[in-house]
Amino acid sequence: MGSRLVNPGGNERLTAAIGLLLIVPVLVEIASVLLGVHTFMSLHVFVGLALIPAVLLKLASTGWRFARYYTRSRAYVEQGPPQIAMRLLAPLFVAATVILFGSGVAMGLLHGHALQIARDLHGPASVVWLVLLGLHVLVYLSRAVRSMAEDAVPARRKPLRGSAARALALAGAVIAGLVLGAATVPAQ
């Protein structure tokens, strides 16, 4: 494959930046539940929907690394595998992510028995997801901060191609999320 697609350092920086970008909105989601989700339902729905593009970008960036590593791309193999515990938990984390966000969207679209199924999935998926997210943050937070600082802080910047594309992808995810969340406000 072309050298343009072989950029494990850039992929790591994108993945780190998305992860850091997700922290505050996820904390807002947690707060909306702890303070009473029925009281803060509009905020909970808005933020949940606004998270979707960034979560999809995170899944894509980690999925890309996974695919490149396991198809034996030399640059990705040299970067090394993720920690074994994180590799073992990854399928559960991805499944919990898909179920959590899928059931959240479904609750806004479905009625009757299908709506009840979505509700029954959403609560347990959120607990599993938050536990796995907490573990993920504990393992990767300091590494993510260091990685993102290399792109964001000019004095620390190590030239690495793709910084403009990474910034554009992040901005696109934020803007798409805000548009998606805002588009549902009248329906709420």
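The model is a predicted one, so local features need pLDDT of at least 70 and side-chain atom pairs pLDDT 80 or more, while totals for chains, interfaces and linings use all residues. Residues are numbered from 1 along each chain as its sequence is written, and side-chain values use heavy atoms, leaving out hydrogens and water.

Glu 12 pairs up with Arg 143 in a salt bridge, with 3.3 Å between the closest N and O atoms (the rule asks for a side-chain nitrogen of Lys or Arg within 4 Å of a carboxyl oxygen of Asp or Glu). That pair ties together distant parts of the chain, since Glu 12 sits in helix α1 and Arg 143 in helix α5 (residues 112–152), 131 residues apart. Helices here are DSSP runs of H or I with at least four residues, numbered from the N terminus. Arg 143, at 33% relative accessibility, also counts as partly exposed.

Further along, Thr 15 belongs to α1 (residues 8–34) and, at 13% relative accessibility, counts as buried. Beyond its neighbours within four places in sequence, Thr 15 touches Lys 58, Ser 61 and Thr 62 (contact means heavy atoms within 4.5 Å).

Helix α1 also meets α6, with residues such as Leu 14 and Ile 18 in α1 among those facing a set in α6 that includes Ala 169 and Leu 170.

Technical notes:
Helix = DSSP H or I, 4+ residues; strand = E, 2+ residues; numbered from the N terminus. Buried < 20%, exposed > 50% of the residue type's maximum accessible area, 1.4 Å probe, protein only.
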